[in-house]
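I set out to record what I looked up in this structure.

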Amino acid sequence: MSRTIFINGRYVPESEAQISIFDRGFLFGDAIYEVSAVIGGRMIDNDLHLDRLERSLRELGIPMPLSRDEILAMQKTLIVRNELDEGVVYLQVTRGSEDRSFDYSDTLEPNFVAFTQVKRLLDTKALKDGVKVGLVDDIRWGRRDIKTTMLLAQVQAKRHVKPKGCAEAWMLQDGFITEGASSTAFIVTQAGKMVTRPNSQATLPGCTRRAVLQVAADHGLQVEERLFTADEAYLAREAFLTSASSLVTPIIEIAGHRIGEGKPGPITRRIQQIYLELALNQGAV
């Protein structure tokens with residue numbers, strides 16, 4: 001069955017979805033995106049993703065292509081039309097299309113594209129058994145807090161660690177872990193404290209990260225928002241990563257160093273369970 005795609009106010013079959021070759025997202029990466037998880041036909045943490053969508057657009061001076069209510073209605077329509085039970089809804093807003101120039105017209109209207117993607121999110125091997133991550137230097141631009149489509153460094157990071165059996169790459173800057181190529185990095189110290197880097201222009205403010213921090217606060221789990229090094233990560237009792245499509249995924253090895261007992265630990269398991277229960281029963285839209 002062909003997917004229905006949303007493009008600039010219209011719902012069209014996948015085979016008919018077209019956008020100009022002069023789109024600035026295509027030519028310059030002048031665009032932002034968001035991804036919301038869908039489980040049981042319902043979106044998870046979607047309000048947080050729409051908050052971040054608005055913020056990213058505002059930081060780049062791109063107008064909102066639709067109101068939030070209109071975007072939400074469109075997302076739900078795509079889920080229904082594509083009969084999506086489990087997977088993601090992808091949103092992308094570009095500055096617009098016009099003849100190629102580094103500068104752009106002040107009156108340029110954004111292009112807005114959205115689609116669904118079937119993806120297994122629950123009961124995956126990664127969630128059950130954990131994953132390995134590798135380390136790479138962080139060579140991205142300085143405004144990583146804006147969720148742009150400029151993802152070449154992240155693509156190359158994942159490709160670099162893949163031959164080593166790693167599902168994700170954690171990135172290093174000035175000796176400290178910034179974040180994963182497509183996730184937020186967490187460690188659990190030997191004292192049982194969860195540690196993750198604080199939000200800044202150096203990292204993306206993760207939506208699942210925010211939800212997990214709220215879970216920790218509500219259930220009396222200790223959290224420190226601070227920088228941590230690779231060496232500290234190697235000595236961690238546990239580690240995990242978070243993102244919309246990976247949820248809360250345990251980490252069993254970092255750059256060849258076994259983490260804890262080499263299997264998902266109890267704190268990670270507790271966070272996994274509570275997050276999923278809340279997301280499925282209360283946090284879905």
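I worked from a predicted model, in which local features need pLDDT of at least 70, side-chain atom pairs count only at pLDDT 80 or more, and totals for chains, interfaces and linings use all residues. Residues are numbered from 1 along each chain as its sequence is written, and side-chain values use heavy atoms, with hydrogens and water left out.

Entry, sheet. I took helices (H or I, at least four residues) and strands (E, at least two) as DSSP runs numbered from the N terminus, and counted strands as paired if DSSP finds at least two bridges between them. I found six strands in an open antiparallel sheet, ordered 2-1-6-5-3-4. Strand 2 (10–13) and strand 4 (42–44) are at the edges with a single partner strand each, so one side of each has no neighbour in the sheet. Strand 3 (residues 31–39) and strand 5 (residues 86–94) share nine antiparallel bridges; Val38 has Gly87 in strand 5 as its bridge partner.

Entry, helix 5. I used buried for under 20% relative accessible area, exposed for over 50% and partly exposed in between (1.4 Å probe, protein chains only). In helix 5 (residues 152–161), I noted Ala153, Gln154, Ala157 and Val161 as buried. On the other side of helix 5, Leu152 and Arg159 are exposed. The buried residues of helix 5 pack against strand 7 (131–137) and strand 8 (168–173), contact meaning heavy atoms within 4.5 Å.

Entry, Thr184. Is Thr184 buried or exposed? Thr184, in strand 10 (residues 184–188), counts as buried because its relative accessibility is 8%.
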